[in-house]
Every structure is written in C-alpha cells, then in structure tokens.
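Dear colleague,

Please find below the structure that I promised to pass on to you.

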Amino acid sequence: MTLLRPRPRRIPLNAAAVVTVLVCLFPVYWMISTAFKPSRDIQSTDPDLFPHTWTLDHFRTAVQADGFGMFWRNSILVTLSAILLALLVAIASAYAVARMRWKGRRQFMLMVFVAQMAPWESLIIPIYIISRDTDMLDRLPTLTLVYFMVTLPFSIVVLRGFIATIPPELEEAAQVDGCTRTGAFRRVALPLLAPGLLATSLFGFITAWNEFAYANFLIIKHQDSRTLPVWLSSFQNTFGTDWGATMAASTLFALPALVVFLLLQRHVTSGFAAGAVKG
C-alpha cells in the first residue's frame with residue numbers, strides 16, 4: 001500500500017490556503033473566546049490567546065438586556081419574509097426565462113445581471129428618499145422589501161440555470177398524462193429544484209440576517225423596529241461598551257446563520273454548480 005504524497009508544487013498553495021483559513025477564522029475564535037472570558041481578563045493589558053477561566057455571565061447579561069428578544073424577533077421576521085418573497089418571485093421569473101421564449105427575454109436577464117452587480121451602498125440614498133416620501137421609514141416592511149430587492153437578482157440567476165438543467169420532456173410527459181403546465185411544474189420540476197432553492201435560501205438568509213447599513217439608515221425614530229445588528233452596535237452599559245456581553249450577543253447572533261449553513265451545506269455546492277451550468 002502506497003501513501004499519496006502531495007506534489008511539491010502544491011505545497012505552497014496548500015500552505016497559503018491554510019494561512020488564509022486561519023486568518024479568516026481567528027476573529028471568529030477571538031469573539032467566541034472573549035464571550036467566555038471574565039471581564040478582568042478581557043480588560044487585561046496582556047490578553048491571553050486561550051481563556052484560563054470560563055464564565056457564562058456575559059451570555060446572561062446579553063440575553064437579559066432590554067430589547068434582546070424583541071430585536072431577535074424583528075431579525076427573524078424580516079429575514080424569513082424577505083426570503084419567502086424572493087423565492088416566490090424568483091421561481092416564476094426563472095421559469096419564464098428558462099422555459100418560455102418571449103420578446104425582451106435577453107434584455108430582462110441583462111437588467112437582472114446589472115441589478116446584481118450594483119453596489120448596495122449606491123442605493124441607500126435613493127431608497128431613503130423613496131421611503132421618506134412614501135411614509136415608509138421606521139417600518140419593518142420597508143426592510144423586508146429592501147432585503148427582497150437585494151436577494152432577488154441572485155435568486156433569479158441561480159434558479160434560472162437550475163431549471164435549464166431539468167429536461168423539459170419530464171414536464172411534457174406530465175402534461176400528456178393530464179396535468180396542466182402549472183401542475184406539471186409543481187409535481188415534476190419543483191421537487192427537483194430543492195438544491196437550488198436551498199442554496200438561494202442560504203444566500204438570502206445570510207445576506208438579510210447580517211445586514212447593518214439599511215437597518216441603521218431606515219430605522220431612525222422607532223427604536224423598537226431595530227434589528228439585531230443595529231442593536232449590537234449600540235450595546236453599552238453605564239461604563240461604556242461591555243465587550244464581554246457584546247461578544248456573547250454576537251456569538252448568539254451568529255448561531256442561526258451557522259446552524260442554517262450546517263444543515264444546508266450538502267445542498268449548497270450542487271445548487272450553485274447546477275445554477276451555473278446552463279443559461
């Protein structure tokens with residue numbers, strides 16, 4: 001039995017990949033370890049890489065802080081609503097582009113790609129002006145529509161490529177058996193779209209869950225409509241920023257995205273790959 005040895009030319013690439021992963025993961029590790037450190041160790045002038053004493057006091061402080069549950073609920077509500085809206089519209093749009101031939105189809109996809117490439121920051125001022133003029137500031141539905149708008153182009157692109165990989169003969173056979181076009185799509189194609197739907201849902205969840213700029217810019221007066229990222233930025237006590245409680249709250253905030261990714265990771269690669277095959 002022979003052992004596989006890495007090729008010499010791959011060693012620098014592997015080493016660079018390991019260093020990159022460690023650099024990216026170190027802030028996450030520091031956040032979690034700080035959440036479990038006592039306050040005296042956090043404020044020490046000689047910080048330790050590994051906590052010698054562990055405590056859950058910061059997590060209790062974060063959970064018991066005013067508004068934690070309410071802002072958690074706001075984030076969940078806005079994120080899930082935006083994902084559901086984006087999926088419903090993206091499925092219909094992607095199916096129309098992938099299966100039907102109509103005038104302006106290429107121009108429509110070009111507009112979708114342009115919308116996907118547009119930087120979010122460039123849209124803050126126009127969205128703020130529209131929200132102000134329509135009396136939609138300081139409202140959770142406004143954030144939901146913004147996150148829906150941000151995630152929709154990506155969802156259309158991925159699902160359109162994914163639908164293109166499904167043989168149309170499957171739906172035609174169902175129509176021959178008596179199904180309508182909508183029924184054939186719902187019974188035959190939609191179950192095969194599960195990896196693509198999960199991939200786009202994961203992207204939409206992470207995007208909306210972590211978004212800070214729009215939530216901070218559009219929710220000004222009604223503080224009860226804030227989301228968790230905005231609440232974390234202002235998490236202080238009478239002595240200033242409570243770094244231990246802030247890191248504990250940040251750890252709790254990162255858990256849903258981590259859990260969703262771990263549950264969907266096996267479908268994400270296949271979903272993204274299939275969505276990029278055809279166009």
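Cys179 is partly exposed, with a relative accessible area of 27%, whereas Cys24 is exposed at 52%; in these terms buried means under 20% relative accessible area, exposed means over 50%, and partly exposed lies in between, with a 1.4 Å probe and protein chains only. A disulfide is a covalent bond between the sulfur atoms of two cysteines. Counting a disulfide as a pair of cysteine sulfur atoms within 2.5 Å, the number in this structure comes to 0.

Before going further, please keep in mind that this is a predicted model, in which local features need pLDDT of at least 70 and side-chain atom pairs count only at pLDDT 80 or more, while totals for chains, interfaces and linings use all residues. Residues are numbered from 1 along each chain as its sequence is written, and side-chain values use heavy atoms, with hydrogens and water left out.

As to the overall make-up, the protein has 13 helices and 2 strands, these being DSSP runs numbered from the N terminus (H or I and at least four residues for helices, E and at least two for strands). Of its 279 residues, 40% are buried. If contact is taken to mean heavy atoms within 4.5 Å, then residues 24 or more positions apart account for 73% of the contacts with a separation of 6 or more. The protein exposes about 16900 Å², of which carbon and sulfur atoms supply 67%; accessible areas come from the Shrake-Rupley method with a 1.4 Å probe, and for residues only the protein chains shown count as cover.

The spaces were searched for on a 1 Å grid over the protein atoms alone, where a cavity is a set of points in which a 1.4 Å probe fits but cannot get out, a pocket is an open set with protein on both sides within 12 Å along at least five of seven lines, and lining residues have an atom within 4 Å of a point. Grid points are joined across faces, edges and corners, and a volume is the space filled by probe spheres set on the points.

The largest pocket has a volume of about 180 Å³, and its lining includes Trp120, Met149, Phe154 and Phe203. Helix H5 (105-117) and helix H7 (140-164) each supply at least two residues of that lining, with H7 giving the largest share, 4 residues. The lining divides into 9 nonpolar residues, 1 polar and no charged, where Ala, Val, Leu, Ile, Met, Phe, Trp, Tyr, Cys and Pro count as nonpolar, Asp, Glu, Lys and Arg as charged, and the others, Gly among them, as polar.

The whole structure holds 1 cavity of 30 Å³ or more. Among the residues that line the largest cavity are Ser75, Tyr147, Trp209 and Glu211, and the largest share, 3 residues, comes from H4. This lining divides into 5 nonpolar residues, 3 polar and 1 charged.

Lastly, two residues in the loop between H6 and H7 deserve a look. Asp135, in the loop between helix H6 (124-133) and H7, has a positive phi near 60° although it is a residue other than glycine, and Asp135 is exposed at 55%. Asp138 lies in the loop between H6 and H7 as well, and has a positive phi of about 60° without being a glycine, but Asp138 is buried, with a relative accessible area of 8%.

With best wishes
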